[in-house]
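Here's a quick tour of a multi-chain model, starting with one chain's overall build and ending where two others meet. Take a look at the sequence and structure first.

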Amino acid sequence: MFSDETLNQAHQGMEKWLEEVKKSSNDFQEGRRFSTVSDLDIKGIYTPEDIKDLDFDTRIGYPGSYPFTRGCQPTGYRGRVWTFRMFSGFGSAEDTNKRWHQLLKEGETGLSTAFDFPTLMGYDTDSPKARAECGKCGVAIDTLADFEVLTDKIPLDKVTTSMTINPPASVMWAMYLAVADKQGVSWDKVGGTIQNDMLKEFIAQKTFMCPPEPSIRLISDTIEFGTKYVPKWNTISISGYHIREAGSTAVQELAFTLADGIAYVQDVIDRKKLNVDAFASRLSFFFDSHIDFFEEIAKFRAARRMWAKIMRYRFKAKNPRSWWMRFHTQTAGCSLTAQQPFNNVIRTTTQALAAVLGGTQSLHTNSLDEVLALPSDFAVNIALRTQQIIAEETGVINTIDPLAGSYFVEALTNQIEEKAWEYIEKIDEMGGMLAAIDRGFPQTEIANAAYHFQQQIDSKQKVVVGVNKYVAGEAPIETLKIDEKLEAEQINRLREVKRVRDNRKVAQTLNELRLACQSDKNVMPYVVEATKQYATEQEICDVYREVFGEYRDPGFY
Amino acid sequence: MNMDIISKILEGNVRAAARLMRGIEDGAPNAVEGLNSIYPHTGRAYIVGVTGAPGVGKSTLVDTLITAFRQENMTVGVVAIDPTSPFTGGAILGDRIRMQKHSTDQGVFIRSLAARGWTGGLSKAAISMIHVMDAMSKDIIFVETVGTGQAEIDITQVADTSIVILTPGMGDAIQMMKAGILEAADIFVINKADRDGANNLKMELQVMLEMKANLPGGWKPDIVLTEAIYDKGTGELVEEIFRHRQFLISSGGLEARRKQRAKLELIEAIESSIKSYIDAGIDKDYLEKLIDDLVQRKTNPHSAALKIINQSIKRVKPLLHNYI
Amino acid sequence: MMYIEKFLESIGTPAFIKRVLTEVRRRMNSETKLRVLIAKPGLDGHDRGVKVVARGYRDAGFEVIYTGLHQTPEQIVNTAIQEDVDLVGLSCLSGAHTYLFTEVVKQLREKGADDITVIGGGIIPEEDIPKLKQAGIKAIFLPGTPLDEIIKWTLGNVKPLHRLRASGK
């Protein structure tokens, strides 16, 4: 990218700078290590020499063109600002619907659903396993009746909704589509995302139900169904967020996510015999935005470049849309502290900024009280305003991919990409992600990285303000509380639905679903039918459990 | 030891048994008494050793075996051994994670054990725990050991049936052969048999087994293919275990093994008693002096040892009855 | 244990391990190990913390039994008794801690095993802590707690139970 003369000058400049450093009274090298939060060493200065082999056209290029390092859309945020999509949900469907309307009023531009643990795991509120968990970390959804309340007065043809749901993704999506029918909105107008990424469950988030093989079959069913009937829907959000939150490094987050993506694409091709271009453009991704500012920006840029290469050359997709990596980002929950919670506003702000400078398509910003409870109204408002201020006031959206060409950022992007490829190759050698998960490879890497990080914090090699440095006494803040009465109320609602519905029809649809599961028919139409008859989420999931078996935590540590 | 505790153990009381096991493991003085009291009530349980390299699926396989034997109405004990960190002396014992569905079954007792530097795969404590479970009337006891290859010989001396688990693609067949495991194992299991290379591994193993010298009328180990995580092959494995047991009973092999085991235990007890007797009498200052002498080459290790042993015996003889 | 410390130094082990090892050496003879059960009750699948704490205990010379995810209080209690642990550490980030933690303590008591210390961690609002302590949870460790604080507390407050029993306590 640079002429020999430029490089020579840069080299000489470096030598001179090093001399100045040695002479300087500010000891640059107090024995302190300058590294990212993921432990990548960062140099004091970057020059043209650091990216001398980088070819501008093929490696950086332009937004909207391969390899999309600078973004998928040629117009960037000037064409369309990222979606302000706040992950939210708690208590009853009514509580959450209220919060959703509030957020929409305050200017969020997309919805995102947080479900409670029983719902995430495919249990109804009255299951003994669900005891004490109802509504505590998300909304409780047992049947379509709850879902109708959740989406009350939300026009599904005007708003897109993301749902963080994995084993029961088909069920929640079916409920969403059933509501669309009730609203008279045709499915080709309905937009949104289901997370539906089981591989990362086995690796990190651990809301799993059935073993890996049948889980992937269900995912391929949903992807196929989407390509046919719900073309605007992102039927999977291949996630790195949870991998990072479980303690991985940035490189691991990137590599494992892409490896998961590779496994999914391969499966749809193999199992459904679909051409890759038929479904690739509806795959979406989800990343973490952690506290090391530049590491994250480099990671996002590397991600786009790598996925484009994978889709174009490994999977031989022809349509440029298939090479796009569109992703949602959430600022890092695990970087927030319970101590001095107002500090979290600053953390979330820099993380949001990194995501924006990294070109995210949509963004959730964490609330300051995230470590203590679910977001209060006060806290969630600040989080939303954070995005709005970045978009409207800071000017960072004025130009696309402003950091391109920075010696540092481009060098770091290259470095992260290189290291991520190493992991992907290793996983390929193991036989792919499924095989790697089976032997516990990503799980153990993550657990090791998490422990390493904790040791660095405990020994103060890495600082967490308010926790191991600048510690202060503090007054507690008001947090959101979930009413303990909720569980009983929800159980009553559930009982009422079961009483009023046509139980014969429910049994019939469940039986048909069972048969579909046992064959290789696509299960989605049967799930939709069952939800319309007000079959409960657990009743449907129990069919999955019955046919496909249950997965138990192998406990890799 | 409290006779009340002993009778509780014989009745199958989990808490009492667990406490005795803990005492044994940490060398509590009254634990040996407890062990002595229950010993007469041992010798009935059938002991199955399960061994293999890390990652082959030992715990998952034992989990399926527990289910199978519970269905046969037999009570089950499991001693699951994991390595101790050589740097810190601590351990994470994770075998029982895969067996946790049995944790509420009163007919199953799972006990996790850290190897504590016993590279022999089985520590004295492990053997004692087997005795306690035996005294609790557990019908079958699985002993899952640290799969370090070479050391797995030990478990075959303690178990009635020894199962060795291999998986395709892990290159262990050759290693196992080198370690002499071929002679020692009674049943071979190829787990994760759905993986590529399962059939090749089976053939390799069959060839090696055929090359091995076989006594006429001797036991010919079979190879069972399993996919423990899908509970496939468990039935065949259970049948093999029963078949081996039957063979041992009718050939007199069971008697022979138990006699061998008793011999090993006795010899071990003699050796450790002698050692603790001698250790008790060692004069630390004299020991330090001998070490200095050695450094200055005024003496040699064996002569020094004899000196201090002699001195120790003299010191301890009057108190002999306290140590043995 | 001196050479272990020198070895650790040479491989660059963080200071906290050395501090803890000194404590461990001071308080325990090498045969007695504290046994800790680390458990995840309920549906909560966040296991980053428990795995870090398990390693921390291991590196401090403890023997740690980890149950894996999705345990019922009954499973945890049965496991604690079978393994004769000195300490049970519970982790819950889903908000269901009040019921789950108190249920574990209750069942331990019912089975005559309430000499086992129970501690907890996770996402637990400060205002729930008094209730939990009243129910019998001896300590709650909130997010941001350094590992050696947990281990120091354990060394100071948990004794190997069989030693206590042997001495008639």
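## Chain A as a whole

Chain A has 23 helices and 9 strands; helices here are DSSP runs of H or I with at least four residues, strands are runs of E with at least two, and both are numbered from the N terminus. In chain A, 53% of the 557 residues are buried, meaning 20 or more other C-beta atoms, placed from the backbone, lie within 10 Å of the residue's own.

## A note on the model

This is a predicted model, so local features need pLDDT of at least 70 and side-chain atom pairs count only at pLDDT 80 or more, while totals for chains, interfaces and linings use all residues. Residues are numbered from 1 along each chain as its sequence is written, with chains lettered from A and ligands numbered from 1 in the order in which they are written.

## Strand β2 of chain C

Now for chain C. Side chains in a regular strand alternate between the two faces of the sheet. In strand β2 (residues 63-66) of chain C, both faces are covered: C:E63 and C:I65 are buried on one side, and C:V64 and C:Y66 are buried on the other.

Within its own chain, β2(C) pairs in the parallel sense with strand β1 (residues 35-39) over 4 bridges, where pairing takes at least two DSSP bridges between the strands. C:I38 has C:Y66 as its bridge partner. Together with helix α3 (residues 48-59) of chain C, β1(C) and β2(C) make a right-handed β-α-β unit: with the strands pointing away from the viewer, the path from the first strand over the helix to the second runs clockwise.

## Where B meets C

Strand β3 (residues 91-93) of chain B runs parallel to β2(C), joined by 3 bridges. B:I92 has C:V64 as its bridge partner, and B:L93 stands opposite C:I65.

Across the two chains, 30 residues of chain B are in contact with 33 residues of chain C, a contact being two C-beta atoms, placed from the backbone, within 7 Å. On the chain B side, α2 (14-25), β3 and β4 (108-114) each supply at least two residues. The largest share, 7 residues, comes from α2(B).

Note on methods. A residue is buried if 20 or more other C-beta atoms lie within 10 Å of its own, exposed if 12 or fewer, and partly exposed in between; C-beta atoms are placed from the backbone.
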